[in-house]
Amino acid sequence: MDNNNKLLAEVNGKKIYEQDVYNFMANIEQNQRFQNEEGIKILTDEMVNQEILLVDAYENKFEEDEEFKKELNLVKDNMLKNYAMHKIFSDISVDEEEVKKYYEDNKKLFSPKKLYQASHILIDSEDKANDIYSEIVEGLDFKEAAKKYSKDPSAASGGSLGKFPEGVMVKEFQDGLDSLEVGEISKPVKSQFGYHIIKLEDLENEKEKSFDELKDQVYQTYTMMKRQEKYLEKIADLAKKVEVKKYY
């Protein structure tokens, strides 16, 4: 045992060390208030209380309750799912050459020459979208129109999509953006999601960044993509052995 890992308490012989308290603290949101001597004492007291409760739970054989067994099985299933996912990913290896190639093929995602700031209104019907566009042309504020008519979650913020790089939006939306000058509003643009009325709020041209500058980000994104591919490949293979019925 680490000499710096001080023993703080015992409950029926079960030892609670300082490191145990720090591990407990790590799972508490906004734990800054406990990062002092008094806070450590408060958390140690709580851990002691929980161990006392655990002693009582075993004495009363709560682990044999059917309700507990159901909860335990749920926790076990979730842990097993996560472990199975870990097993799928464990043999994935990524070398620098393939990451560099991925960067070269997807430079716009990592080092965009353009950074857009835009808002949109998303409508199901083309006729309705045209009517709303006419209202805006006649003076209806774009943000108010988004709040009133848009079916997209961005409606609450007046349709704002914030800033985003070139290439992340579907092609139809991207083409609509590129047809606009800053401050202009598009006629309805159709995509797989519906009809968009787009307002280009701002446009920034950025200097392209090198692979070395973005190396960590590219590695992370490429690794996530490889994991997704491996996961879907595994699921497709396993699904052949399992009866699946979908009702949606």
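Of the 248 residues in this protein chain, 27% count as buried. Keep in mind that this is a predicted model.

**Overall layout**
- Along the principal axes, the C-alpha trace spans about 75 × 50 × 45 Å.
- If you look at contacts with a separation of 6 or more, 61% of them join residues 24 or more positions apart.

**Surface and charge**
- The chain exposes about 17800 Å², and 49% of that comes from carbon and sulfur atoms.
- There are 38 positive and 53 negative side chains, with the centres of the two sets 4 Å apart.

**Aromatic rings**
- You'll find five aromatic pairs in the structure.
- One of them is Tyr-103 with Phe-110, a tilted pair at 6.4 Å centre to centre and 45° between the planes.
- Tyr-103 is buried at 2% relative accessible area, and Phe-110 is buried too, at 7%.
- Tyr-116 and Phe-164 make a stacked pair, 5.9 Å centre to centre with 20° between the planes.
- That pair ties together distant parts of the chain: Tyr-116 sits in strand S3 (residues 114-123) and Phe-164 in strand S4 (residues 160-165), 48 residues apart.
- Tyr-116 counts as buried at 1% relative accessibility, as does Phe-164 at 5%.
- Tyr-102, Tyr-103, Phe-110, Phe-211 and Tyr-222 come together in one aromatic cluster.

Conventions:
Residues are numbered from 1 along each chain as its sequence is written. This is a predicted model: local features need pLDDT of at least 70, side-chain atom pairs count only at pLDDT 80 or more; totals for chains, interfaces and linings use all residues. Side-chain values use heavy atoms; hydrogens and water are left out. Buried means under 20% relative accessible area, exposed over 50%, partly exposed in between (1.4 Å probe, protein chains only). Contact means heavy atoms within 4.5 Å. Accessible areas come from the Shrake-Rupley method with a 1.4 Å probe; for residues, only the protein chains shown count as cover. Lys and Arg count as positive and Asp and Glu as negative; His and the chain ends are not counted. The place of a charge is taken as NZ of Lys, CZ of Arg, CG of Asp or CD of Glu. Rings of Phe, Tyr and Trp (its six-membered ring) pair if their centres lie within 6.5 Å; planes under 30 degrees apart count as stacked, over 60 as edge-to-face and the rest as tilted. Helices (H or I, at least four residues) and strands (E, at least two) are DSSP runs, numbered from the N terminus.
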